[in-house]
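Here is a short report on one protein chain. Look at the fold as a whole, then at its parts.

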Amino acid sequence: MLGNFVYANPTKLYFGADALNSLNMELSKYGKNVVLVYGGGSIKKNGLYDAVTEILKDNGKNVSEIAGVMPNPTIEKLYEGMEIARNAKVDLILAVGGGSVCDYAKALSVSVNCPEDPWEKYYIKFDEPTCETIPVGCVLTMAGTGSEMNAGAVITNHKAKLKIGHVFADEKIMPRFSILNPNYTMTLPKYQMCAGIYDIFNHICEQYFSGTDDNTSDYISEGLMQSLIHSSRIANANPQDYEARSNIMWTATWALNTLVAKGKSTDWMVHMLGQAVGAVTDATHGMTLAAVSLAYYHYILEAGLPKFVRFAENVWHVDPAGKTDKEIALAGLAAMESWMQELGLAMHLRELGATDDMIEDMVNATLILDGGYRILTKEDIRKILQTSM
Ligand code: NZQ
Ligand code: ZN
């Protein structure tokens, strides 16, 4: 039965090849002081930096910059940005980049006016902001995280060997607007494109592999997964295919803008394992998920068998004739595995630089959640990570 829920999503999305034209109108809603946040330089190479700074200049904005936001943004980088944003008396934070840049912008939004230490407040105590937050806008350059239309912000603390996500309860933390032009994703290296595709797929899985009720969200999830598998194969063969890249970008947004989680329980243990791997190795997010997924899903398969059977039949079109439920479920995971191999995803943690002596740190960094088909113990987590090596 659908549980009770509230659904509100205030992010205004501009999608398509001309979407950047809308930035003028959006900028008119905010004050003069804009902090422009971006990553390691891809936007300077592909011309987006020039295009955005020109629009900011035409609108008479005072622009300060936070450059060099790294993949898996760190708490130290957040402290640095807080100084810049405070000095700038920021009115709007404009993120131009992938999920790391968008997440960072949201973490900055809730920290600029906050007297407490943001790591302690948001990532250890999971408090909500008690200070005035700053509006965030995004120009997205990579499809994957869904950060463009959600209230999540993941920050890594290398000293503590932790990578933690906070999904803020207040929808005000979601970007006020996001500009999605699939053409901006065309310069992504294939490794990142495929990591993003698997991230999208796993976001859907995390919300699908939980619960036994008949739930509209699961039907939507099956549709999204099929579209993604289809478009990923086209994009893998021809990364410049606009139709495929635009479908992937739109699927990413729907995979994690909270819609398919409404009214149902969700799992998120692959992400908890992946974040622990990321905390220790700093590897690419989507690849950390790929490397642990199959070991995890095989581990919980018996506990969630009816859903794995449904996944095999409805997503991978496994023919059930003459098979036991377990055989159908295993055939579904086998089909998923061969699709992952087609995309060249990391299938083992060693491919991401992990070594056996890192396993204990990863076990300790894994948060244990209770929404999935099995509640894991530390020993279960150790076994899954060992199998993933
Ligand atoms: O830094 P630059 O130079 O821009 O290069 C980036 C980066 O090296 C590059 N890139 C991005 N767009 C590009 C491009 N290169 C060429 N052309 C382009 N158009 O790609 C690399 C990866 O970028 P990043 O932003 O790190 O990737 P992604 O979008 O996968 O974001 C990953 C971060 O998001 C978090 C992850 O944990 C990780 O920290 N997540 C956020 C979530 C959320 N907000 O809900 C949920 C996710 O599960 C995830 O945890
Ligand atoms: Zn993810």
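## Overall build

The protein chain has 15 helices and 8 strands. Helices (H or I, at least four residues) and strands (E, at least two) are DSSP runs, numbered from the N terminus. The radius of gyration of the chain is 20 Å, close to the 21 Å that the globule rule gives for 389 residues, so the chain is as compact as a globular protein of that length. That radius is taken over C-alpha atoms, and the rule is 2.2 Å times the number of residues to the power 0.38. Along the principal axes, the C-alpha atoms fill a box of roughly 70 × 45 × 40 Å.

This is a predicted model: local features need pLDDT of at least 70, side-chain atom pairs count only at pLDDT 80 or more, and totals for chains, interfaces and linings use all residues. Residues are numbered from 1 along each chain as its sequence is written, while chains are lettered from A and ligands numbered from 1 in the order in which they are written.

## Burial

Of the 389 residues in the protein chain, 51% are buried. A residue is buried if 20 or more other C-beta atoms, placed from the backbone, lie within 10 Å of its own.

## Two domains

The domain assignment gives domain 1 (12-185) and domain 2 (190-388). Such bounds come from an automatic or database assignment. The centres of the two domains, taken over C-alpha atoms, are 27 Å apart. Domain 1 brings 19 residues to the contact, and domain 2 brings 28 residues. Two residues are in contact if their C-beta atoms, placed from the backbone, lie within 7 Å. On the domain 1 side, strand 7 (residues 162-167) gives the most, with 3 residues.

Terms used:
Buried ≥ 20, exposed ≤ 12 C-beta atoms within 10 Å, placed from the backbone.
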